[in-house]
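Look at the model below with two things in mind.

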Amino acid sequence: TPVLPQPGTIVKAQVAERWMNQVTRGLTPEAVDDYLTTAISGDTLNQFALFEEMEEKWPELRLALYKHKLKAARRNPRIVPPDHPQNPALAKEKADFANYVFAAMRNWHRTAFNLLDAVGKGISGAEIDWQMGEVASPDRRSSTSEGGRRAAVVIAEMPWVNYRHWSWWWDKPELQLFPDLRNRGLHIDVPDRKFVIFHHLSKSGHPARAAMLRPLAWYFLIYLYTMKDWSTLAETFGV
């Protein structure tokens with residue numbers, strides 16, 4: 001018998017998620033290099049936090065990413081059968097069922113928007129909240145419930161998983177899940193059929209080297225110090 005995916009959520013909302021490490025405080029080239037080097041060894045916490053702060057403090061970056069993420073997230077998913085399937089009737093039934101699941105899912109556009117964080121950070125994830133539901137039966141005579149409907153496993157929603165819950169470990173090449181933010185030593189393999197993980201396609205070597213963060217980090221450092229210098233000048237001579 002097939003094992004049903006676990007319903008509900010594994011990653012619970014935690015107070016620690018409300019606070020962000022101010023990794024750009026006193027940011028220096030040495031600190032940026034340390035964040036990026038540490039990420040290659042598996043600990044991506046500071047690297048992801050750096051990009052989160054870059055989005056907050058760099059208006060041009062925030063606006064550029066927001067525009068493209070919003071454009072992609074507004075699109076409605078549409079699943080179609082493959083060309084020349086072996087069983088056209090079964091392929092159409094599967095596509096119709098997938099379209100039904102996506103249409104019934106709560107906050108899909110928000111999930112798509114959040115998954116596009118991978119464009120900057122290199123990786124993002126959402127947890128699949130499986131639930132038991134009912135769908136229209138293609139054959140009313142085989143229906144297990146009244147009104148031509150049958151029981152089926154559907155997706156209630158796919159909430160975004162904070163980047164603090166994702167990282168690699170020094171002795172494992174696979175991505176690890178850190179369910180408890182108070183204990184970074186507790187990590188598990190990502191369960192099958194429970195999470196959607198989006199890796200950006202610009203990766204090179206270790207997955208932590210992916211996406212836009214690395215080249216933009218040095219531009220951000222220059223931008224940050226330019227703003228500091230301008231603020232000092234305005235404070236000193238602005239009167």
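Contact means heavy atoms within 4.5 Å. Helices (H or I, at least four residues) and strands (E, at least two) are DSSP runs, numbered from the N terminus. Two points on the source come next. This is a predicted model, where local features need pLDDT of at least 70 and side-chain atom pairs count only at pLDDT 80 or more, while totals for chains, interfaces and linings use all residues. Residues are numbered from 1 along each chain as its sequence is written, and side-chain values use heavy atoms, with hydrogens and water left out.

**Two helices**

Start with α1 and α2. In α1, Tyr35, Leu36 and Ala39 meet Asn46, Gln47 and Leu50 of α2. Helix α1 covers residues 29-40, and its axis lies 7 Å from that of α2, at an angle of about 130°. Axes here are lines fitted to C-alpha atoms, for helices over the stretch in contact, and angles run from 0 to 180 degrees between N-to-C directions. That makes α1 oblique to α2. The classes are roughly parallel under 35 degrees, roughly antiparallel over 145, roughly perpendicular from 65 to 115, and oblique for the rest.

**Ring pairs**

A pair of aromatic rings is described by the distance of the centres and the angle of the planes. Rings of Phe, Tyr and Trp (its six-membered ring) pair if their centres lie within 6.5 Å; planes under 30 degrees apart are stacked, over 60 edge-to-face, and the rest tilted. The whole structure holds 8 aromatic pairs.

Where does Trp58 lie? Trp58 is in the loop between α2 (45-57) and α3 (59-73), and Tyr223 is in helix α7 (residues 213-237), so the pair ties together parts 165 residues apart in sequence. Ring pairs also link Trp58, Phe220 and Tyr223 into a cluster.

Both Trp58 and Tyr223 are buried. Buried means under 20% relative accessible area, exposed over 50%, and partly exposed in between (1.4 Å probe, protein chains only). Phe178 is buried too, at 1%. Trp169 is partly exposed, at 28%.

**A lysine over a ring**

Lys69 sits in helix α3. Is Lys69 buried or exposed? Its relative accessible area is 8%, so Lys69 is buried. Lys69 lies over the face of Phe113, 4.6 Å from the ring centre. For this, NZ of Lys or CZ of Arg must be within 6 Å of the ring centre and within 35 degrees of the ring normal.
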